[in-house]
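Have a look at the sequence and the structure, then read on.

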Amino acid sequence: MDVKKAIDLQDTQREHSEQVAMLNNKIAALKQELNTVTRTLHVMRDRDNSLEDLLEEMSGIRTELERVSKENMELKQEADNTEREKATIQEKYERELQEKEEVRETVGETVGELKREIERLERDCETLSSELTLSKRRMEEEETRS
């Protein structure tokens, strides 16, 4: 019986050794899987950190975009105001130009009238001068006759 117990004990030891070896293999496989999962977690954490950094950067970009957009709207408003001022100045310039043209026409007409009046007055002067000369001669003739 002692032999039988020894054989049973050897069989049990061998089974235990096989089970320990199997468990050691499973432990090694689980350690390897744990290492893989740990590396994956590190990669995922790095990606998560990168995503947070990207989100922060996007927030900054959004803020800058809003600022630039607001500035752009202000510049457009300023350009519209400048365009309106330009149109007002253009209208004023055209009115003044029209008024100057009207003044030129009026002055031209007045100058023409004045020239005609001067010519008439010159003719009247010549006529009066001739009449005066005739009148003087008559007076002289009458004086000489008397």
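Predicted model: local features only at pLDDT ≥ 70, side-chain atom pairs only at ≥ 80, totals over all residues.

Residues are numbered from 1 along each chain as its sequence is written, and side-chain values use heavy atoms, with hydrogens and water left out.

Let's start with Ala 29, which sits in helix 1, spanning residues 2–145. Helices here are DSSP runs (H or I, at least four residues), numbered from the N terminus. How far is Ala 29 from Asp 2, going by their C-alpha atoms? The two are 27 residues apart along the chain, and their C-alpha atoms are separated by 39 Å. Ala 29 is partly exposed, because its relative accessible area is 42%. For that label, buried means under 20% relative accessible area, exposed means over 50%, and partly exposed is in between (1.4 Å probe, protein chains only).

Now for the charged side chains. A salt bridge is a side-chain nitrogen of Lys or Arg within 4 Å of a carboxyl oxygen of Asp or Glu. How many salt bridges does this rule give? The count comes to six. The table shows some of them.

| Salt bridge | N to O distance |
|---|---|
| Asp 11 and Arg 14 | 2.2 Å |
| Arg 67 and Glu 71 | 2.9 Å |
| Glu 117 and Arg 120 | 2.3 Å |

Take Asp 11 and Arg 14: both belong to helix 1, three residues apart, or about one turn of the helix. Asp 11 counts as partly exposed because its relative accessible area is 27%, and Arg 14 is partly exposed too, at 46% relative accessibility.

Further along, Arg 67 and Glu 71 also lie in helix 1, four residues apart, about one turn of the helix. Arg 67 is partly exposed at a relative accessible area of 45%, while Glu 71 has 39% and is partly exposed as well.

Then there are Glu 117 and Arg 120. They are three residues apart in helix 1, so about one helical turn separates them. With a relative accessible area of 33%, Glu 117 is partly exposed, and Arg 120 gets that label at 34% relative accessibility. Elsewhere, salt bridges that share partners link Glu 64, Arg 67 and Glu 71 into one network.

Methods:
Helix = DSSP H or I, 4+ residues; strand = E, 2+ residues; numbered from the N terminus.
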